[in-house]
Each structure stands twice: as C-alpha cells, then as structure tokens.
Amino acid sequence: MPKRVNNVFKENITFSKLLEAHNKCKKNKRFKKQVIEFEMDLERNIIEMGRALLSGSYIFSKYFEFTIYEPKERKIKTLNYKDRVILCWYVENFLKPYFKPNFIEDSYACLEGKGTHRAVKKTVKYLRSASSCFNTVWVLKCDIKKFFFNIDRNILFSMLSRKIKDKYFLEFSEKIIFYDKEEVGIPIGNYTSQYFANIYMTLFDKFIKEKLKIKYYIRFMDDFVLLFESKEKARKVLLEIRNYIGKVLKLELNSKTAYFKEKQGINFLDYRIWKTHLLIRNQSKKKIKRKLKNFQKLYKENKIELEYITACINSWKGHSKFANSYNLINKILNEFY
C-alpha cells in the first residue's frame, strides 16, 4: 500500500457501496422510524445521496444533542439516519482500508475481532510475562482528560491529509470534522468519531513503541496501561508521556493517572485485574443495581418490556462471567427476584 493515495473518493461513490453502508447501519435498528422511512424509498434515497456526493453538494443535518449519565455524564451528538449511512460509507471505504493497517496490535477499542475482553486477556498475559521478568511489577495507568472534547481538529485533519491527498476526500472530511466553528472536539456518538480517535492516537502509539520502546503497553481509546520493572522507570515515562501528549497532541492526562505496584490490581475496562484473577469493579455493581431497581419501577408502570429487561440482564451476566464473579451475579440478581 503506498504511503499516500489519490483518486479514491469518487471511485467509491457507487450504489452498491452506499447500499452496503445502509445495510450495516440499520443492524439492530430496522424497526426505527427513520430506517423504515428511508427504506420506503430506498433506491431514490441512495441515488440522491450518490449524486450529492459526486457533485460535492452533500450537506449534513444539524446534530441532535442529549446527555447520558452512565458510566459518567457525557453529551452525545447524533445525526439523522441518512447522515449516519454516509458516515458509515466514509469509514468503511476510507478510514478502515487506509488507516486501520497503521494501528498497533495492542490498540483494542472499536475494532473488529478485538474489544474489551481481548484487551483484558492481553493485560493478564502481560502481567504474567512481566512478573516472570521483573522482581516487582509497577503499573502506570493513564487516562486522558475529556479526550473526545479536546481532540485538535487541525491536527486530526493534517493526519488524514498526509495519508490521502485526494482533494474530494479532503473537502468531504472537512465537512465532517469542522462541522461548527470550534477548533477542538469531535462528537461522541458519530460512527466516525471512534475511528478518528484511534487515528489521532496512532502518533502516541508509535511514540510509546518506537521511541520509548516499551514492551508492555495496552490502549483502549484514551485509557492505557504500561508495565515496568521499577517505580523510577514508571515515574520517568509518565513525565515523558505528559510532555508528549501536551506538545504534540494538545491533550492532558486526568487526575486518575497514577503508578502503583501490580498487587493492588488494575482498574481497567470495568474490571479489577490481577495476574491470577479478575473481579468486577464496584462501579459496575452499583450501575447494575441502579438499573435493576429502575427496571422494577418501569415494569410495574408498564413502561418497559420484559424482553428488553431480560436482554440487558443477560448482557451484564455475560460481561460479569468473564471475571471470577459467580457468587456476585447470584447475590445481585437474587435481590431483585
């Protein structure tokens, strides 16, 4: 694959590729109102989208904004269905084929065949390996402060333009990235945002692996873990990380960043991790208890379907069973049955 590519945008504007994006986008949403309306005139909608993309006249709708409170308070921005299909097409035909190959092996967020459980397994593997090499394993656990809201859009755009010089691709990318007058921040909720975030962090990944040559490093979006043989090494690398992300990426580590001995366990991806076992974090226990209590109330008021409650419980049970949590699952569920 060449280092830079050109003439890729318009050749990917085809009916079949836009239809593929729609089929991917509608998964688990086929009965949503916007999806049904889109499919009622599917052929015309896709043809019109393609024509607008070819002419450069495609205009995104305004974002709909709402707030979520789990696992922490965040403002989510989302677009209408047609725009989400376009973003899916953009990711599948440009971000994945041209940028994903540059992601390091130990980046796990929002990538097919990876995810939370794979990242946790790799963390355990690294802990065991480091324990066999070091007398004492020190953990450096880092988290970036308000990551999505502080991504520098100009830096992100320059990273895209260094890889793809097709002017039509770059003009369209500008519409996505610079959707308002702000210079920083990408919206949580867009299909593009998680891929943009991973692209943004590739510079940091290479700094860690190629410049600092750190063997034990795992990243899940803006949350990452590094393992060292000493407190002094962890402290030194932390200073280098702070300096790098501040100067190069215009980001800042948050107050939860710390280094400590591995015997304390690592709070990472909803689990507390040791080299010998896993436990569910307290915040996950509190979250499911709140959710179950709310489910009871809504079900009594006929505001929620039993099928939805069952699906949520089964999802949490699957997540919890990955850890050493059999007694915990029964204890929590027995409180509500």
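1. The charged end of Lys 10 sits over the ring of Tyr 168, at 4.1 Å from the ring centre, and the charged end of Lys 114 is placed over the ring of Tyr 108, at 5.1 Å from its centre. The term requires NZ of Lys or CZ of Arg within 6 Å of the ring centre and within 35 degrees of the ring normal.

2. On the basis of these values: this is a predicted model, in which local features need pLDDT of at least 70 and side-chain atom pairs count only at pLDDT 80 or more, whereas totals for chains, interfaces and linings use all residues. Residues are numbered from 1 along each chain as its sequence is written, and side-chain values use heavy atoms, with hydrogens and water left out.

3. The count of aromatic pairs comes to 26, where rings of Phe, Tyr and Trp (its six-membered ring) pair if their centres lie within 6.5 Å, and planes under 30 degrees apart count as stacked, over 60 as edge-to-face and the rest as tilted. Trp 89 and Phe 94 form an edge-to-face pair, with 5.3 Å from centre to centre and 85° between the planes. Trp 89 is buried, at a relative accessible area of 0%, and Phe 94 is buried at 0% relative accessibility; buried means under 20% relative accessible area, exposed over 50% and partly exposed in between (1.4 Å probe, protein chains only).

4. The rings of Phe 147 and Phe 148 have centres 5.3 Å apart and planes at 65°, so this pair is edge-to-face. Phe 147 counts as buried at 3% relative accessibility, and Phe 148 counts as buried at 10%.

5. One aromatic cluster is formed by Phe 9, Tyr 58, Phe 60, Trp 89, Tyr 90, Phe 94, Phe 169, Phe 172 and Phe 196. Phe 196 is also among the residues that line the largest cavity.

6. The structure holds one cavity of 30 Å³ or more, and the largest cavity contains about 30 Å³ of space. A cavity is a set of points on a 1 Å grid over the protein atoms alone where a 1.4 Å probe fits but cannot get out, and lining residues have an atom within 4 Å of a point; grid points are joined across faces, edges and corners, and the volume is the space filled by probe spheres set on the points.

7. Helix 8 (167–177) and helix 9 (191–211) each supply at least two residues of that cavity's lining, and helix 9 gives the largest share, three residues. Helices are DSSP runs (H or I, at least four residues), numbered from the N terminus.

How values were computed. 1 Å grid on protein atoms, 1.4 Å probe; cavity = no way out; pocket = protein on both sides within 12 Å on 5 of 7 lines; lining within 4 Å.
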